[in-house]
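Here is a short briefing on charged side chains and how they pair up. Please keep the viewer open as you read.

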Amino acid sequence: MTQADSGDRTVALGDDAVAIELEQKFPAWRVWRSDTGLWWAARRAYPIGAERNTSLASYLRATTAMGLVDLLIEQEQSKSP
């Protein structure tokens, strides 16, 4: 294993840990980082009823994990009571 390979593997493991932590904080979402380096979240259940006509998204995309957190928080705050 080369140094570069070692570094890539460490980054990948770090991404997995971040994704797991985000899924624990936002259980309605599945989170991952794509091969292109973008962070994604997919809603586990499609919005139904009144939620369908709101600003709730089925998928979110951000360039950073913190950017995705901001989008996830926004989605949680947008849910109807």
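The count of salt bridges comes to three, where a salt bridge is a side-chain nitrogen of Lys or Arg within 4 Å of a carboxyl oxygen of Asp or Glu. This is a predicted model, in which local features need pLDDT of at least 70 and side-chain atom pairs count only at pLDDT 80 or more, while totals for chains, interfaces and linings use all residues. Residues are numbered from 1 along each chain as its sequence is written, and side-chain values use heavy atoms, with hydrogens and water left out.

**Salt bridges**

- Arginine 33 pairs with aspartate 15, their closest N and O atoms being 3.2 Å apart.
- That pair links distant parts of the chain, with arginine 33 in strand S1 (residues 29-33) and aspartate 15 in helix H1 (residues 3-25), 18 residues apart; helices (H or I, at least four residues) and strands (E, at least two) are DSSP runs, numbered from the N terminus.
- Aspartate 15 counts as buried at 17% relative accessibility, whereas arginine 33 is partly exposed at 35%; buried means under 20% relative accessible area, exposed over 50% and partly exposed in between (1.4 Å probe, protein chains only).
- Lysine 25 and glutamate 21 meet at 3.8 Å, N to O, and they are separated by about one helical turn because they sit four residues apart in helix H1.
- In this pair, lysine 25 is exposed at 55% and glutamate 21 is partly exposed at 44%.
- Arginine 44 and glutamate 23 form a salt bridge at 3.6 Å, N to O.
- Arginine 44 lies in the loop between S2 and strand S3 (59-62) and glutamate 23 in helix H1, so this pair ties together parts 21 residues apart in sequence.

**A buried arginine without a salt bridge**

- Arginine 43, in strand S2 (residues 39-43), is buried yet has no salt bridge.
- Its nearest side chain of opposite charge, glutamate 76, is 5.2 Å away; Lys and Arg count as positive and Asp and Glu as negative, with His and the chain ends not counted.
- The side chain of arginine 43 does make a polar contact with the side chain of glutamine 75 at 2.9 Å (a pair of N or O atoms within 3.5 Å; within protein, one must be able to donate a hydrogen and the other to accept it, and residues adjacent in sequence count only if both atoms are side-chain atoms).

**Overall picture**

- The elements run α-β-β-β-α from the N terminus on.
- Of the 81 residues, 25% count as buried.
- The average pLDDT, the predictor's confidence in each residue from 0 to 100, is 81, and 74% of the residues score at least 70.
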